[in-house]
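Visitor: I would like to walk through this model and ask what lies behind each label. Please show it to me.

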Amino acid sequence: MNWLSDEVISRLQAASALPDLSGTRYRLVKRAGSGGMGVVYLAEDTILGRHVALKVLDLPDTSGELAVRLLREASILATLEHPGIVPVHDAGTLADGRAFYAMKFVEGTRLDHLDAQKETLFDRLRIFMRICETVSFAHARGVLHRDLTPGNIMIGSFGEVLVMDWGVAKILRSPSKRAVDSLPNQTTTAGNDALPAAVSQTAYGTVLGTVGYMSPEQARGEIDSLDLRSDIFSLGAILQFLFTQLSSETQSPPLSAIAKKAMSPDRAHRYESCSALGQDIGQYLDGLPVSAYPETIFTKLSRWGSKYRVAIVLVLTYLLVRTLLLLGYRH
Amino acid sequence: MNKVVYGLILGGVLGIFDGLTSWFTPEVRPQLLMIVVGSTIKGILAGVLIGFFARKVHSLALGILFGLGVGLLLAFFVAHMQGKYYREIMLPGGLVGLIVGYATQKHQQFSTPARS
C-alpha cells in the first residue's frame with residue numbers, strides 16, 4: 001500500500017538531501033553542481049553579504065573517511081594561495097553531520113564548454129599556459145592534482161583561469177604546519193596529522209582520475225610512484241583536447257609534438273616540469289622553435305624569412321631600384 | 001635584436017650589394033674587392049648611426065630623413081675621394097640610408113617577452 005505518491009517521495013528525498021545550514025552563517029540559494037565526493041551549492045554568507053560556493057559531502061560515510069578526505073581537500077586548497085586556485089573561506093561540519101567547506105563562488109565556463117567558434121587557438125593556448133603556471137605552483141608546494149581534465153578547469157567571467165576539484169590531490173611533501181593550524185576549530189580533527197592512513201595515502205592499486213586524461217602509471221594504480229609527470233600527462237591530454245576541437249587548419253606539427261611529448265607513455269620522455277611545458281607553448285606562441293619538435297632546414301629558413309620579412313622586402317626593393325638605376329646609367 | 005645591431009646588419013648587407021653592383025661598370029671592375037669592402041664599411045657605419053638615432057628618436061619621418069642624410073653624406077665623402085661618379089655613388093648610398101632609416105624605425109625591439 002502506497003501512502004505517498006512517487007512525486008512526494010522524490011520531493012522528500014530532494015529536501016532531505018539539502019544541507020542543514022542552521023547554526024552557520026550561510027543561507028542556501030541553490031544547487032550549483034556536483035563533484036566527485038560532494039554537491040556544490042550556491043549560498044549566501046549572511047555576515048559578509050556575498051555569495052560563496054559550499055561543497056557538502058553527500059555520499060554515505062559511516063566510517064567518516066570521506067569527511068576527512070573532503071576536509072583534507074579544503075586544507076590542501078588553503079595551502080595553495082594562487083590566483084589560479086579557488087580560495088577557501090571556511091570548513092567544518094554541518095548540523096546534520098555532513099562535512100563541508102566554503103570557497104569563492106566562481107561564475108564562468110568550464111574549459112570543455114568553451115565555444116570553439118569564439119576562442120581562437122591563440123586564446124586557448126594562453127589559457128593553457130595559465131593552467132600550466134597554476135599546476136606548476138602546486139607542484140612547487142608538493143601537491144599533485146591527479147585529476148586534471150577540461151571539466152575541472154573554469155574560465156571566469158573576467159578571463160581568470162581556475163584549476164578546480166582538488167579532491168584526489170596527493171601531497172608529495174607535508175604542507176606547512178601553519179596551513180594545518182589555520183584550519184577552523186571544527187576541523188582540527190581533519191588536519192593531516194589525524195588522517196587515517198587509508199585516506200591520507202591512497203592505497204596502492206587504487207585508480208583515481210579520469211579515463212583519457214590519466215597517465216598510464218595512474219591507470220595501473222601505481223599510486224606510490226606517481227610524481228608530477230602524471231599531471232604533465234594530463235596537461236598534454238588537455239592541450240590535445242584544446243586544439244583538436246578547432247578546425248584541422250589550426251593544428252600544427254609543433255603543437256602535436258608538444259602534446260605527444262607531454263603524453264609520452266614512458267614518463268622519462270615527458271617534460272620534466274609544467275614550466276618546461278608552458279615554456280614550449282610560449283615559444284610556439286612567439287613563433288620560435290619548440291623543444292619537442294626538431295625543425296628541418298626548410299622550416300628554419302621559413303621561420304627566419306617570416307621573422308625578418310620587412311628587412312628582406314627592403315633588400316629586394318633596394319636591389320630592384322639599384323638595377324633600375326644601372327639601366328638608367330647605361331641609357 | 002636591438003635597433004643598432006639591426007641597423008648594422010642591414011647596412012652591412014646593403015653595403016655588400018652596393019659594392020657588388022660596381023661589377024656592372026667595366027672600368028672599375030678591377031677594384032671590385034676594394035669597392036665591396038669600402039661600401040660594406042660605409043653601410044655598417046651608416047647602419048650604426050641610424051640605429052642609434054632610431055633608439056633615441058621614435059619618428060618614422062625623422063628616421064627616414066636622418067637615414068637619407070647619413071647615406072648621402074657618407075656617399076659624398078667616398079665620391080669626393082674619387083673626384084667623380086658622384087651620381088653613381090651618392091644615389092645608391094642615399095637609398096641605403098633611406099631603407100635602413102625606415103627599417104630601424106619599424107623594427108620592434110623587445111627587452112621582455114611579448115606575452116604577459
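**Labels and their cut-offs**

Guide: In helix 2 of chain A, the buried residues are Ala67(A), Val68(A), Arg69(A), Leu70(A), Leu71(A), Arg72(A), Glu73(A), Ala74(A), Ser75(A), Ile76(A), Leu77(A) and Thr79(A). This is a predicted model, where local features need pLDDT of at least 70 and side-chain atom pairs count only at pLDDT 80 or more, while totals for chains, interfaces and linings use all residues. Residues are numbered from 1 along each chain as its sequence is written, chains are lettered from A and ligands numbered from 1 in the order in which they are written, and side-chain values use heavy atoms, without hydrogens and water.

Visitor: What makes helix 2 of chain A mostly covered?

Guide: Twelve of its 15 residues are buried. Buried means under 20% relative accessible area, exposed means over 50%, and partly exposed is in between (1.4 Å probe, protein chains only).

Visitor: How do you know how the span of helix 2 of chain A compares with the expected one?

Guide: The expected span is 1.5 Å times one less than the number of residues. Helix 2 covers residues 65-79 of chain A and reaches 21 Å from its first C-alpha to its last, close to the 21 Å expected. Helices (H or I, at least four residues) and strands (E, at least two) are DSSP runs, numbered from the N terminus. Chain A has eleven helices and ten strands.

Visitor: What makes Lys55(A) and Asp165(A) a salt bridge?

Guide: A salt bridge is a side-chain nitrogen of Lys or Arg within 4 Å of a carboxyl oxygen of Asp or Glu. The closest N and O atoms of Lys55(A) and Asp165(A) are 3.6 Å apart, so the pair qualifies. The pair links distant parts of the chain: Lys55(A) is in strand 3 (residues 50-57), Asp165(A) is in the loop between strand 9 and strand 10, and they are 110 residues apart. Salt bridges that share partners join Lys55(A), Glu73(A) and Asp165(A) into one network.

Visitor: Why is Asp165(A) called partly exposed?

Guide: Its relative accessible area is 24%, so Asp165(A) falls between the 20% and 50% limits. Asp165(A) also has a positive phi of about 55°, although it is not a glycine.

Visitor: Which other residue has a positive phi although it is not a glycine?

Guide: Arg146(A), at about 70°. Arg146(A) sits in the loop between strand 7 (143-144) and strand 8 (153-156) of chain A. At 3% relative accessibility, Arg146(A) is buried.

Visitor: How do you know that Glu217(A) and Arg270(A) meet in a salt bridge?

Guide: Their N to O distance is 2.8 Å, so the pair meets the rule. Glu217(A) lies in helix 6 (residues 216-219) and Arg270(A) in the loop between helix 8 and helix 9 of chain A, 53 residues apart. Glu217(A) is buried at 2% relative accessibility. Arg270(A) is buried too, with a relative accessible area of 5%.

Visitor: What makes Asp227(A) and Arg267(A) count as a salt bridge?

Guide: Their side chains meet at 4.0 Å, N to O. The rule asks for within 4 Å, so the pair is counted. Asp227(A) lies in the loop between helix 6 and helix 7 (228-244), Arg267(A) in the loop between helix 8 and helix 9, so the pair ties together parts that are 40 residues apart in sequence.

Visitor: What does Arg267(A) touch?

Guide: Its contacts (heavy atoms within 4.5 Å) include Glu217(A), Ser225(A) and Leu226(A), not counting residues up to four places away in sequence. A polar atom of the Arg267(A) side chain lies 2.7 Å from the backbone oxygen of Ser225(A).

Visitor: How many residues does each chain bring to the contact of chain A and chain B?

Guide: Chain A gives 17 residues and chain B gives 20 residues. The two chains bury about 1900 Å² between them, 70% of it on carbon and sulfur atoms. Buried area is the accessible area (1.4 Å probe) that two parts lose on being put together, summed over both. Leu314(A), Tyr318(A) and Tyr329(A) supply 33% of the area that chain A buries against chain B, more than any other three residues.

Visitor: Why is the pair Arg322(A) and Asp18(B) called a salt bridge?

Guide: The side chains meet at 3.2 Å, N to O, so the pair is within the 4 Å limit. The count between chain A and chain B is one salt bridge.

Technical notes:
Polar contact = N/O pair within 3.5 Å; in protein donor to acceptor, adjacent residues only side chain to side chain.
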